[in-house]
Amino acid sequence: MPRPLSALTILVVVACGLAIRALWDGPVPKYAGDALYTAMIYAFAVFALPKVRPWVAAAISAGLSWAIEFAQLWKIPEPLRPVLGSTFNPPDLLWYAVGAAVCWAAHALWLRRPAPSSP
């Protein structure tokens, strides 16, 4: 996937997260944010490794999200809490997997699209 598209995807994911937080209260922004957090990590993985296979990017993004969540069982340093969180919440693990799975599917579909025809 081209790097400019990956960079644009990161920006769109962040914008979606901010919009969801602005429009809804309760569990919707919480769990959508979890899935979008993993989607952002996925897009960063694709940006850093443009030829990465979708399943590898999904494993990286879900694995990193899960590692951060489990790290919350211990004390996260204060300056990192706004980014990494501070409270372990088991349902978050499911939503990280959902985010990785949706990205995996979208990325795989992108790679299977027909090649553009040359004039």
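A helix here is a DSSP run of H or I at least four residues long, and helices are numbered from the N terminus. The largest share of the lining of the largest pocket comes from α2, which gives seven residues. The model is a predicted one.

The largest pocket holds about 630 Å³ of space. It is lined by 25 residues, and those closest to its centre are Arg21, Gly33, Asp34, Tyr37 and Val83. Two or more lining residues come from each of α1 (3-23), α2, α3, α4 (81-84) and α5.

The overall layout comes next. The protein chain has five helices and zero strands, so the order of elements from the N terminus reads α-α-α-α-α. Along the principal axes, the C-alpha atoms fill a box of roughly 55 × 30 × 25 Å. The protein chain has 119 residues, of which 30% count as buried. Among contacts with a separation of 6 or more, 64% are between residues 24 or more positions apart.

Helix α5 covers residues 90-111. Its 22 residues should span 32 Å at 1.5 Å a residue, and the end C-alpha atoms are 33 Å apart, which agrees. Which residues of α5 are buried? They are Asp92, Leu93, Tyr96, Gly99, Ala100, Cys103, His107 and Ala108. Seen down the axis of α5, these buried residues fall within an arc of 160 degrees, so they line one face of the helix. On the face of α5 turned away from the buried side are the exposed residues Leu94, Val102 and Leu109. The cover over the buried residues of α5 includes α2 (27-48) and α3 (54-71).

Buried in α3 are Pro54, Ala57, Ala58, Ser61, Ala62, Ser65, Ile68 and Glu69. Viewed down the axis of α3, they lie within an arc of 125 degrees, and therefore line one face of the helix. These buried residues pack against α2, α4 and α5.

Leucine 23 lies in helix α1. Is this residue buried or exposed? Leucine 23 has a relative accessible area of 64%, and because exposed means over 50%, it counts as exposed. From leucine 23 to alanine 106 there are 83 residues in sequence and 25 Å in space, C-alpha to C-alpha.

The cysteines remain. A disulfide requires a pair of cysteine sulfur atoms within 2.5 Å, and by this rule the count comes to zero. Cysteine 16 is in no disulfide, and the nearest cysteine sulfur, that of cysteine 103, is 11 Å away. Cysteine 16 is partly exposed, with a relative accessible area of 34%, whereas cysteine 103 has a relative accessible area of 16% and is buried.

Terms used: Residues are numbered from 1 along each chain as its sequence is written. This is a predicted model: local features need pLDDT of at least 70, side-chain atom pairs count only at pLDDT 80 or more; totals for chains, interfaces and linings use all residues. Side-chain values use heavy atoms; hydrogens and water are left out. The expected span of a helix is 1.5 Å times one less than its number of residues. Buried means under 20% relative accessible area, exposed over 50%, partly exposed in between (1.4 Å probe, protein chains only). The arc is that of the directions from the helix axis to the C-beta atoms. Contact means heavy atoms within 4.5 Å. On a 1 Å grid over the protein atoms alone, a cavity is a set of points where a 1.4 Å probe fits but cannot get out, and a pocket is an open set with protein on both sides within 12 Å along at least five of seven lines; lining residues have an atom within 4 Å of a point. Grid points are joined across faces, edges and corners, and a volume is the space filled by probe spheres set on the points.
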